[in-house]
Amino acid sequence: MRFRRPRIPAPAGRRRLSAKLGRALLATLGLALLVAMAYGAWAHWPRAAEFDYAAQLETLREEVARQAQARRVVEAEKIRLEQRLRLRAVEVESRDAMVERQEMEILALRDELAFYQRLADDRLEAPLGIRGLAVQESGQAGVFDVIFQAYRPGLDGSLDARWVLEIDGREGDSDEVRQLGHAELGVEADARLTGLRLVRNVRVRISLPDGFAPGRVTIRLIPEDNEELDPVEATGDWERLTEEGA
């Protein structure tokens, strides 16, 4: 039988010292590990000297240029669309004006046709008349054309008549109204209408004196050798008649 030597436990002071040494060693190893990790992260962290500011600035410039180009494209497209919209609006207005003008022309033609129908059928109340009085510019200074229509209803009857043209106006700064007749207006046209039946178109060229401001135009149609018919006349404002003749 083998005898064991009895184990003598270490003193309590030594045990506490060993425990302290173990904890210190573990703390030292943990701190060393943290230092190693921090150093590794620091070693791989980009240095200020390694950051390429010029490249980043060039990238930003290129992006700004792309954005500016895209904006210019959008603005150009906007301008193009606005121009197209304005052109479309002008086309619509022009079309509407043309339609309105055509409608007015159709109404005028219908009225004209109705007038000629009544004229041929002798259904006009007036046995003699003047219509379509207007003034047109000739292109020469002070020279104008006065136009009108003399009509006599019915296909069976005709008559001879003469017309008289008078223009009232003022000379210069004078307030006095002056009336010009054929002689003062330089009328050379034949003032007689022979065998008037239905409609006769008349165009009279006149020359206004220098400084004369016309105000009113009057045409008189006087039957000849027919005491049953009274003279008739048509009158109008010069400016209005000029607009209608344009």
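**Exercise 1. In the hairpin of strand 1 and strand 2, find the residue with a positive phi and say how many residues lie between the strands.**

Solution. Gly139 takes a positive phi near 95°. Five residues lie between the two strands of this hairpin. Strands here are DSSP runs of E with at least two residues, helices are runs of H or I with at least four, and both are numbered from the N terminus. The model is predicted: local features need pLDDT of at least 70, side-chain atom pairs count only at pLDDT 80 or more, and totals for chains, interfaces and linings use all residues. Residues are numbered from 1 along each chain as its sequence is written, and side-chain values use heavy atoms, without hydrogens and water.

**Exercise 2. Describe how strand 1 and strand 2 pair.**

Solution. Take the ranges: strand 1 covers residues 129–137 and strand 2 residues 143–152. They run antiparallel, joined by seven bridges. Pairing requires at least two bridges found by DSSP.

**Exercise 3. Is Trp238 buried or exposed, and what is it in contact with?**

Solution. Locate Trp238 in helix 4 (residues 238–245). Trp238 counts as buried because its relative accessibility is 8%; buried means under 20%, exposed over 50%, partly exposed in between (1.4 Å probe, protein chains only). Next, list contacts (heavy atoms within 4.5 Å). Leaving aside neighbours within four places in sequence, the partners of Trp238 include Val135, Phe144, Ile167, Leu208 and Pro214. Finally, compare positions: the C-alpha atoms of Trp238 and Ala134 are separated by 8.5 Å, with the two residues 104 apart along the chain.

**Exercise 4. Give the order of elements in the protein chain.**

Solution. Count four helices and eight strands. From the N terminus on, they run α-α-β-β-β-β-α-β-β-β-β-α.
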